[in-house]
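Reader: I'm new to looking at protein structures. Could you walk me through how to read one?

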Amino acid sequence: MNGVYHLKLHNYSIATKNLVPGIKSYKEKTIKIKNDEYRIWDPFRSKLAAAIMKKLEPMPIKKKASVLYLGASTGTTVSHISDIVGIEGRIFAVEHSSRVAREFINRVAANRLNIIPIIEDARKPQNYFSICEKIDVVYADIAQQNQTTITINNCKMYLKNNGYLLLVIKTKSIDVTKKYQEVADNEIKKLKLFSIIQKIDLYPYDKDHFIVLAQFLQ
């Protein structure tokens with residue numbers, strides 16, 4: 001898979017080639033192979049890594065891609081996306097919490113020139129119109145009851161036609177009274193502007209979580 005490496009260690013692992021060798025983002029394990037340094041990508045700490053382990057196909061995030069990441073948190077997954085897109089790619093990383101964003105900036109973004117941190121509320125995509133550009137992929141990982149609607153509004157504003165969406169559906173953040181599969185299916189029905197490519201249950205890496213891969217057809 002482009003930018004993601006399968007390494008045979010004590011067991012099979014996935015990794016990304018470190019864009020900034022010698023610098024870790026979150027105390028991750030690293031391994032040197034010849035002159036390159038690889039960062040082990042733990043699927044129990046990253047939903048995107050979990051999706052890759054569960055055969056995400058195609059992987060829309062690739063070298064030189066531009067990504068709008070909603071819900072950057074402290075930047076674990078963002079750091080690996082940074083490795084994949086490389087110095088010619090761009091990640092516009094939106095995080096609402098100023099406290100979390102400070103940790104993300106200090107620990108991750110400060111060392112990686114392809115990350116543009118945006119301390120804003122993803123519910124108000126117009127607030128970062130002057131910063132963000134039309135992009136190739138939207139990756140959404142936000143714990144809001146209306147997370148899918150928030151994501152769609154960001155896609156309408158920033159995602160290129162035929163661009164890709166990777167939507168993390170956190171079913172317990174949406175409705176705890178229904179079965180998680182039913183919640184996921186109801187959220188997918190809202191994606192009327194998209195062609196659904198794949199729906200992945202992230203168990204056993206994450207309980208009651210799905211990732212949906214879709215293509216924007218506006």
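Reader: Let's start with the strands. How many bridges join strand 8 to strand 9?

Author: This is a predicted model, so keep that in mind throughout. As for your question, 5 bridges join strand 8 to strand 9 (residues 159–170), and the two run parallel. To see where they line up, find Ile135, which stands opposite Leu159 in strand 9.

Reader: Which strand is joined to strand 8 by 4 bridges?

Author: That's strand 5 (residues 66–70), and this pair runs parallel too. Here you can look for Leu70, which stands opposite Ala140 in strand 8.

Reader: What kind of unit do strand 8, helix 4 and strand 9 make?

Author: They make a right-handed β-α-β unit, with helix 4 covering residues 147–158. To check the hand yourself, point the strands away from you: the path from the first strand over the helix to the second runs clockwise.

Reader: Is strand 8 enclosed or open?

Author: Count its buried residues. In strand 8 (residues 135–140), 5 of the 6 residues are buried, so this strand is largely enclosed by the rest of the structure.

Reader: And helix 2, how many of its residues are buried?

Author: Helix 2 (residues 76–85) has 10 of its 10 residues buried. Just after helix 2, Gly86 takes a positive phi of about 75°.

Reader: Now the inside. What should I expect of nonpolar side chains?

Author: In soluble globular proteins, they tend to be buried together. In this model, the largest nonpolar core has 35 residues, and those with the most contacts inside it are Trp41, Leu48, Leu56, Ile61, Ile91 and Leu166. Several elements give two or more residues to this core, including helix 1 (47–53), strand 6 (90–95) and strand 11 (209–216). Helix 1 gives the most, with 5 residues.

Reader: How far apart are the ring centres of Tyr128 and Tyr158?

Author: Their centres are 5.6 Å apart and their planes are at 15°, so this pair is stacked. Tyr128 is buried at 0% relative accessibility, and Tyr158 is buried at 2%.

Reader: Zooming out, how many helices and strands does the chain have?

Author: It has 6 helices and 11 strands. The radius of gyration is 16 Å, close to the 17 Å that the globule rule gives for 218 residues, so the chain is as compact as a globular protein of that length. Of those 218 residues, 53% count as buried.

Conventions
Residues are numbered from 1 along each chain as its sequence is written. This is a predicted model: local features need pLDDT of at least 70, side-chain atom pairs count only at pLDDT 80 or more; totals for chains, interfaces and linings use all residues. Side-chain values use heavy atoms; hydrogens and water are left out. Buried means under 20% relative accessible area, exposed over 50%, partly exposed in between (1.4 Å probe, protein chains only). Two strands pair if DSSP finds at least two bridges between them. A nonpolar core is a set of buried Ala, Val, Leu, Ile, Met, Phe, Trp, Tyr and Cys residues joined through side-chain atoms within 4.5 Å. Rings of Phe, Tyr and Trp (its six-membered ring) pair if their centres lie within 6.5 Å; planes under 30 degrees apart count as stacked, over 60 as edge-to-face and the rest as tilted. The radius of gyration is taken over C-alpha atoms; the globule rule is 2.2 Å times the number of residues to the power 0.38.
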